[in-house]
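These are my notebook entries on a structure that I went through element by element. I set down what I looked up, in the order in which I looked.

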Amino acid sequence: MPYSGYVVSTGSVCNDDAERGAFLERLLAARDESSRLRVVLAVRADFFGHCAAHRNLAAALKDTVVLVGPMDKDQLRAAIVRPAVARGLIVERDLTARIIEDVGDEPGALPLMSHALMETWRRRRGRTLTPQAYEAAGGLHGSIARTAEDTYQQLTPAQATLARHILLRLIAPGNGTQDTHRPTARTEFDTTEPHTEEAQTETDAVLNRLAHSRLLTLDDGNVRLTHEALITAWPRLHSWITDERDRIRLHRQLTRDAASWQELDRDPGTLYRGTRLTRAEEAFADQARNALNALETAFLDAGIAARVTGREHAARAARRSRRAAAAVAALCVLALIAGTVAVQRAVTSNELRQSARSRELASQAADAATDQPEAALLTALAGYHHAHTDEARSALISAYAEYRANRLGGHTRDLTTLAFAPDGRTLVTASDDHTVKLWDSTGHRLLATLVGHVDGVNAVAIAPDSRTLATAADDGTVRLWDLTTHRAKAVLTGHKGAVNGVAFSRDGHTLATAGADQTVRLWNTSSHKPKETITGLSGAINAVAFSPDGHTLAMGGDDSRTRLWNVKTHRWTATVTGHTDAVDTVVFSPDGHTLATASNDGSAKLWAASGNRLKKTLSVYHSAAPALAFAPDSRKLVTASPMSTGGVSVWDTRTGHKIANLGENWVRAVAWRPDGRTVAAVDTSRDTSQWDLRTYEATSSDLFSAPNRFSDIALRPDSNVVAAAGYGKITSWDTARQRYTSAFRTPVVRAEAFSPDGRVLATATGSKTMLWSYPTGRLLATLDSHNTTVTGLEISPDGHTLATAGYDHTVRLWNLATRHTISVLTGHSDTVQAIAFSPDGKTLASAGDDRTIRLWNVASHHTRAILADNSGRISSVRFSPDGNTLATAGPGRTIRLWDPATHRTTATLTSYRAPLPDDPDSFLPELEFTSDSRTLICSGGPSIRLWDLNADHIATRVCQQSKANHWGELLHALPQEGLCP
């Protein structure tokens, strides 16, 4: 008699090798010709490979496999229509066509179709199944999910929790394969502890409800998913599985082990111990324990009880041993005391050495932070690993802030070069600050900051398809970047020293790099492997350029010569002489007819592209190589001088005459926008300017330097938005997305603070306090708060009290509802510059020119504590949202972190490269914490800086950055101590 219907999934349902082998051998008995047993195995394609693990099964399947492919349209139509016709139903043709179209060739669609047809039948019109009913059911992909979600939403909260436990018990998580369902005995769903009839009734009710909705099938004492497609089709179930995958695997193992324990009459030897018990106990703690049934709960509790008993026995044995050893110990007391003293001295000595080394490395990190932020980070990390001293923690936090200082705005050191993308939309700038920045060339908005180089960036080149950026730096590397994702694609190494130039071929398949090691290297841009190394050159090579046809590579170097190399034949075609000093720039005109060179002898020359004839000498500067850039039509050339004479000039390449002088700036690099209308130039500071070549007038300047100075900042509650007050404007900035969002005009603002709901922004202007609707900027009210200038203000966490500080040495508390004074706090001997409420609203901190921080009891208006800061006057004070940290800052580059409970300093943070004007009093940083208390935001001068205060998190990030960017290989003079695992 034939049998069918077995679906073999032996790897996910049965984990007992002996049981699995016995089952398969019984199936294979059908091979005996005398046997009346006939077996049909239906094996899913993704499980077919498992059959090869059993030798006899693989042999039996070798010549008996029938591959069942997906149904064609006629078969699908029959599967849809015939069952309906057999029941006297009518399926509209449009519905049939729609289902066939939805199913298509999608794998696993038949169970979805089955459920969708059932739900369509439930919504039929008379005897007719219509497209409207199909749509109402949710269609092919939505019907089963809709049924499941509707059923789930109809459950009570307690039933919903039970449903989650039931469904997850039916899941077998895949291990390199898809998740599958797990047919489960009904007895596994016996109620969890405590065992009550009411709880069992509730479990049965949920099982029946799910079965009624055709989500589960209850038969032969087993429970199974009606459609395995429910695992992926219902988003809620899929998210449960994803969130609890590890716990589900542990639960499956616990179920099997509890069953074995029961079968062995609850033998104590089969209980969990040690790590297995701890893992299970942690995984099923608190509410998660409700996922276990009565047997599983008893099994886990028995293991915990056995552990307690074992510890008690061990404790008794230990006590006996201690009593037995007491006599011996008495004789050894003097020796032990002497040994202990020696050990303590050794430990103390070692701790002192570690602390001293930690402080020494922290000091070294501070020295390196300005020029080598990456080396400073690794040095500070070494100090932090030696000992978690305040100095090491401070150095690590400060160095990390320095490393990330320019991610949110312009470059922090001199710009070196720039280039437009071929599409003209993106402008790339590079700097000695080790970074490359991408800008929207029209809106002048920062798009991304690319980090990875550990030294100044000398040259950039953009592939013709505008998808890849190449950057070359003094660290000896060339990095390739994806301009869409802004991620590094490859790091090219091989040059022995600085890489000075980089250029793409016209087809983008080859990259040329010029090095100080007297070589030029050609790279395959797809495989990132070297194609050729050109040697035999004298002196460093400073620049390379491909001819437009890609056949010729020009290279200029310190030997004052420009050489031309045939890329096809790998031979020299010409050596161009005429300069008397190093050639720093070579560039071909877009039409391929002209080669332009620039030298430190101050001259710029135009040559025939073959290099055999000098056409023009356009300009002469004083001992500095001018920057060069051809117009897209090759008819104009712009030159620029990095010295005080010459400025930026535009030349007619045919006549050699100067057409226009664009300015007298000291310019290091120029680039022509692909539309031919605009020239951009980088001056010798940190600014970029643009000129319109139709009018020869500057269209904008200082485009990509840091934003305007901010006088104060305020973090909007429960958000990532910072409101930064500039001169006459409030600018909103999203710290998560690292971009500016909106702005509105105000009088000059000295201080600002948000109400707890973020809808009102209070600002201090002169002797008045103004209340604004945020973010619309509508003025709500004006308070005459002090007779002198208001220096700071703050709104209490409950929104009822406004505190203001002023030049009159006082702090005033106001009732925001009545706008009347509550109290005047006195005690400061000079101007109060800043105030801040603690998160619970019970403490107010005030600080000012008398170099003290006072902590006030808001209820009694009395002083709680006075903290002294001898480093100078204090302009900003702020509590962290968790109340564990108080941050203070004053003129200069230093921020102090305090413990409000112990009143001691926990860290001193330094902005190593923060601009410090001649008058330090004009540089007054303002502080804000993010809502998670992990990041401190500091504004002051021309930038906003973020400080990550979690030193352990920084240590992890530093090791990740070091590994990704090969700092250990590229940096020198690092501490000998092991830094990262």
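**Entry 1: Helix 18**

I began with helix 18, whose 14 residues reach 20 Å from the first C-alpha to the last, close to the 20 Å expected at 1.5 Å a residue. I note at the outset that this is a predicted model.

I then asked how many residues of helix 18 are buried. The helix is mostly covered, with 11 of its 14 residues buried. Among them I listed Ala392, Ser394, Ala395 and Leu396. Tyr400, Glu402 and Tyr403 are also in the buried set.

Next I looked up what helix 18 lies across. Helix 18, residues 390–403, lies across strand 56 (894–899) and strand 57, and its angle to strand 57 is about 35°.

I recorded an open sheet of 4 strands in the order 54-55-56-57, paired antiparallel. Strand 54 (876–879) and strand 57 (904–910) are its edge strands, each pairing on one side only. Neighbouring strands of this sheet are turned by 20° against each other on average, with direction ignored.

I checked one pairing in detail. Strand 54 and strand 55 (residues 886–889) run antiparallel and are joined by 4 bridges. Which residue is the bridge partner of Val877 in strand 55? I found Thr888 in that position.

**Entry 2: Aromatic pairs**

I searched the whole structure for aromatic pairs and noted 9.

I then looked up where the two residues sit. Tyr152 belongs to helix 8 (residues 139–153), and Trp234 lies in the loop between helix 11 (230–233) and helix 12 (235–243). The pair thus links distant parts of the chain, 82 residues apart. Are Tyr152 and Trp234 buried or exposed? I recorded both Tyr152 and Trp234 as buried.

Trp234 also forms an aromatic pair with Trp240, at 5.7 Å centre to centre and with 65° between the planes, which is edge-to-face. Trp240 is buried, as is Trp234.

Elsewhere I noted a cluster in which ring pairs link Phe744, Phe754, Trp772 and Tyr774.

**Entry 3: A cis peptide bond**

Tyr774 came up again when I looked at the backbone. The peptide bond joining Tyr774 and Pro775 is cis, with omega about 10°. I located Pro775 in the loop between strand 44 (768–773) and strand 45 (778–784).

His486 is not a glycine, yet its phi is positive, about 65°. I placed His486 in the loop between strand 16 (477–482) and strand 17 (487–493). Its relative accessible area is 28%, so I recorded His486 as partly exposed.

Arg819 is likewise not a glycine and has a positive phi, here of about 60°. I found Arg819 in the loop between strand 48 (811–815) and strand 49 (820–825).

Notes
Residues numbered from 1 in each chain as written. Predicted model: local features only at pLDDT ≥ 70, side-chain atom pairs only at ≥ 80, totals over all residues. Heavy atoms only, no water. Pairing = 2+ DSSP bridges. Helix = DSSP H or I, 4+ residues; strand = E, 2+ residues; numbered from the N terminus. Axes fitted to C-alpha atoms, helices over the stretch in contact; angles between N-to-C directions. Contact = heavy atoms within 4.5 Å. Phe/Tyr/Trp six-rings, centres within 6.5 Å; stacked < 30°, edge-to-face > 60°. Buried < 20%, exposed > 50% of the residue type's maximum accessible area, 1.4 Å probe, protein only. Expected span 1.5 Å × (residues − 1).
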